[in-house]
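Please open the model in your viewer and keep the sequence at hand.

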Amino acid sequence: MRLFTLFPQRFHTMIDTLNNQFGIPNAVTIAEGNGGLPKAVLTHSSGSSCEVYLHGAHITSWKNATGDELFFLSRESWWQSDKPIRGGIPVVFPQFGGRGPLPQHGFARTSEWELVCSGLLDNGIVNIDLQMRESAETLALWPHRFTLGLRVLLDENALTVGARVTNTGEQPFDFMMALHTYFRVADITKTAVVGLQGTTYVDTLQENARIVESRPEIRFAAETDSVYPNAPDSLRVAEEGNGRTIGISKTDMPDVVVWNPWIAKSQRMPDFGDDEYVHMVCVETGVIETKPVLLPGEKWEGETTFRIE
Ligand code: BG6
């Protein structure tokens, strides 16, 4: 019984403290989110907004100036400090998927992050920075000292997410990192990912066969799970259902993943509705195939901008 009364109180005190430190009138507010987890709500003067949970530095919502939601968020998502959120932008680090000994997609998405700064720039862009570093839990899984920073910048028609990894230890390490972005679509069968033609991809569903992408537009009629190493830096998600196109431009995030679980895999995922595959597509950006190596003191930075076109 006591836990139920102590935890909300802890979060309320934390939310008040965070608002005193990082709140900006009409631009940044810290509030209690689902499951009582704290979130930062960013609002641009145009009316666009986004929400970022401290749990995982997870962006769960991005709305345009008229309030339309651009990111998918599962109605079955967990909202627990030891589980990832299903939808929005899970931060994948230091391992992508099952490509190593760590838990699937690493530990950043299930770690508690700190809010380290907030700002309202002269050009109206609203921003926050979050950071996580090694802990007893991460060191038990991955014996490296590091900081991982995430910068979120909200403009009228664009959201930019920058990541920075710093080796704060005494040994080199390598890592993978990705923004596992879930776009909300009205109908997956009326959705195309454009801009990957000519890139050789790894088809996870065909024993990692390497295939040259011949399609000018990738459309969906079955489970799709493909990694495109060294993909072009500019691509787009064209969504005929909502008559909307979102441009994706990336810097130093060479790889792209295109994923939709389709019917059978949706049914196997406990935190995802059986019919929800119709309303999402993941187009992920990051560094997966060729892992950056950081010597002590070195930094890696990468960035992706999503723009409503
Ligand atoms: C994608 C992988 O990036 O993430 C898929 O390519 C995986 O294979 C998907 O199913 C979701 O992973 P998770 O751990 O969030 O269920």
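How many bridges join E9 to strand E23 (residues 299–308)? Nine bridges link these two strands, which run antiparallel. Please note before continuing that the model is predicted.

**First stop: E9 and E23.** Select residues 158–167 for E9 and residues 299–308 for E23.

**Second stop: E8.** Next, select residues 146–154, which form strand E8. Nine bridges connect E8 with E9, and the two run antiparallel. Within this pairing, Arg151 stands opposite Gly162 in E9. E8 and E9 form a hairpin, with three residues between them. On the pairing with strand E7 (residues 126–133), E8 is joined by eight bridges, again in an antiparallel arrangement. Here Asn127 has Leu153 in E8 as its bridge partner. Is E8 mostly buried or exposed? Eight of its nine residues are buried, so the strand is largely enclosed by the rest of the structure.

Now widen the selection to the open sheet of nine strands, which has the order E6-E7-E8-E9-E23-E19-E18-E13-E16 and antiparallel pairing. At its edges stand strand E6 (114–120) and strand E16 (217–218). Each of these has a single partner strand, so one side of each is left without a neighbour in the sheet.

Select Val152 and display its surroundings. Val152 is among the residues with the most contacts inside the largest nonpolar core, which has 76 residues. Others with the most contacts there include Trp62, Phe93, Phe175, Met177 and Phe306. Apart from this core lies another, of eight residues, among them Val92, Met176, Ala178 and Val202.

Select residues 49–53, strand E3, in which Glu51 lies. With 21% relative accessibility, Glu51 counts as partly exposed. Which side chain makes a polar contact with the side chain of Glu51? The side chain of Lys39 does, at 2.9 Å. Beyond its neighbours within four places in sequence, Glu51 is in contact with several residues, including Ala40, Val41, His58 and Thr60. To end, draw a distance from the C-alpha atom of Glu51 to that of Arg244: the two are 193 residues apart along the chain and separated by 21 Å.

Methods: Residues are numbered from 1 along each chain as its sequence is written. This is a predicted model: local features need pLDDT of at least 70, side-chain atom pairs count only at pLDDT 80 or more; totals for chains, interfaces and linings use all residues. Side-chain values use heavy atoms; hydrogens and water are left out. Buried means under 20% relative accessible area, exposed over 50%, partly exposed in between (1.4 Å probe, protein chains only). Helices (H or I, at least four residues) and strands (E, at least two) are DSSP runs, numbered from the N terminus. Two strands pair if DSSP finds at least two bridges between them. Contact means heavy atoms within 4.5 Å. A polar contact is a pair of N or O atoms within 3.5 Å; within protein, one must be able to donate a hydrogen and the other to accept it, and residues adjacent in sequence count only if both atoms are side-chain atoms. A nonpolar core is a set of buried Ala, Val, Leu, Ile, Met, Phe, Trp, Tyr and Cys residues joined through side-chain atoms within 4.5 Å.
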